[in-house]
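Here's a quick briefing on a structure to go through step by step. Have a look at the picture and the sequence, then read on.

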2 protein chains.
Amino acid sequence: MLSLVIAEAALETVPKSIAKHPSVVKQASKIGKPAGEILLDRSYHHGAMLKLKDAWKRGRPDLVHFALLEATSTPLYHKNMLKVYVHTTANKAIFLNENVRLPKSYFRFEGLMEELFKNRKVRSNSDLLIELKDMEFCDLINKLTPTKVIGLSRTGAKSSAEEVAKMVNSDTAIVVGGFPRGHFSNNVSSKINYTYSISDLALEAHVVIARILYECEKILV
Amino acid sequence: MLSLVIAEAALETVPKSIAKHPSVVKQASKIGKPAGEILLDRSYHHGAMLKLKDAWKRGRPDLVHFALLEATSTPLYHKNMLKVYVHTTANKAIFLNENVRLPKSYFRFEGLMEELFKNRKVRSNSDLLIELKDMEFCDLINKLTPTKVIGLSRTGAKSSAEEVAKMVNSDTAIVVGGFPRGHFSNNVSSKINYTYSISDLALEAHVVIARILYECEKILV
């Protein structure tokens, strides 16, 4: 099946090293959860994040929320013609089951992700909806066994969503960055067979996802 | 200029009639604002909203946030080739100035909208960024003086985003519903010249906006 992987996603819980920073303690107490169980979020933890490695690429669960909603709002996803995965900067892979309806309210999404990071599974009654596993990016890609892996990045060869979609078949994995700026790390780009840029302008991850999935839908549906 | 109007948007502050409901009082006190100054939000005020007229169409600021971000993340908007307006169920028109960068964090968007509803203007230094006016939908459309008004709705004639974009010129107003379900009210549809449906499936407002603006960009840029 066609796969979309949101790679190096800026989605994680607060790392231990900054769990005692006042901005983290304050927000954790407001939410009523232990500091290590809340999502790292630049909107609240900007000061605390200054100490983190690669901080500029992290702590943007809002971006990942948009990217996921964009993907899961498409007819391709509703028709079970698309699998959606998130791979995070901290090497967690998130598996969405078929027909998962993610909350549009950020507050509910935040709670859902916190539950996922804590329990590693989210269930509705007995159905498994979302699962989190410790996994390197390369192992996730190997598990999907795609016939080709296409990355979308400004560093890629100039193309258009329309042209890239013509290369896609039902076993392709499309990789889009789930971070606020910068490019794919070597870990990610070494698993990508073809990298394309679909715009002269820097596009947000959710815009790239909307366009490529829409063009794929024109061809695959 | 090409205009996008997000019509009957489910964005408003808590109406007086339910301002004393426990769910409203609780959330207002958590945020530290008077109940009448916080956004009506089904995620928090579901119980209180049962008493409201047309409740099913209201209290979804998250949808409006997505729709606005989708529109303002496009190259058309960045290149000043698109004006974006919101018209709310309570007859408020919201005017975004050029190059306004809306916050992606919902928590910041919420604060911005609460400021807008309270002060009717949002400024950055001396620049006016966003303005709110009391205005009927028909008066907003008259003010835009479009050569044609195209509505996108499942009730419209079957078409595609590609075909609709071919009808668009730089003086067209495109109208998309900013509500969770249902169709345009008579007030809105009476100002629309052509109504089209661009998918067999019900698409979220943000998906409709992503697709139509992308197809318009192919033609206009």
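Let's start inside: A:Leu68 is buried, because 26 other C-beta atoms sit within 10 Å (buried means 20 or more other C-beta atoms within 10 Å of the residue's own, exposed means 12 or fewer, and partly exposed is in between, with C-beta atoms placed from the backbone). What you're looking at is a predicted model, where local features need pLDDT of at least 70, side-chain atom pairs count only at pLDDT 80 or more, and totals for chains, interfaces and linings use all residues. Residues are numbered from 1 along each chain as its sequence is written, while chains are lettered from A and ligands numbered from 1 in the order in which they are written.

**Confidence**
- Chain A averages a pLDDT of 96, and 100% of its residues score at least 70 (pLDDT is the predictor's confidence in each residue, from 0 to 100).
- For the model, ipTM is 0.96 and pTM is 0.96.

**Around A:Leu68**
- You'll find A:Leu68 in helix 3 of chain A (helices are DSSP runs of H or I with at least four residues, strands are runs of E with at least two, and both are numbered from the N terminus).
- Setting aside neighbours within four places in sequence, A:Leu68 is in contact with A:Ile6, A:Val84, A:Val86 and A:Leu102 (contact means that the C-beta atoms, placed from the backbone, lie within 7 Å).

**Helix 3 meets helix 9**
- In chain A, helix 3 (residues 61-72) packs against helix 9 (residues 205-220) at about 10°, with axes 8 Å apart (axes are lines fitted to C-alpha atoms, for helices over the stretch in contact, and angles run from 0 to 180 degrees between N-to-C directions).
- That angle is why helix 3 of chain A is roughly parallel to helix 9 of chain A (under 35 degrees is roughly parallel, over 145 roughly antiparallel, 65 to 115 roughly perpendicular and the rest oblique).
- Helix 3 of chain A brings A:Leu63, A:Phe66, A:Ala67, A:Glu70 and A:Ala71 to the contact, and helix 9 of chain A brings A:Ala205, A:His206, A:Ile209, A:Ala210 and A:Leu213.

**Where the chains touch**
- The contact takes 21 residues from chain A and 21 residues from chain B.
- On chain A's side, helix 3, helix 4 (75-78), helix 5 (106-119) and helix 9 each give two or more residues.

**Over in chain B**
- B:Glu163 is in helix 7 (residues 161-167) of chain B.
- Is B:Glu163 buried or exposed? B:Glu163 counts as exposed, because it has 12 C-beta neighbours inside 10 Å.
- B:Glu163 and B:Cys216 are 53 residues apart in sequence, yet 9.9 Å apart in space, C-alpha to C-alpha.

Notes. Two residues are in contact if their C-beta atoms, placed from the backbone, lie within 7 Å.
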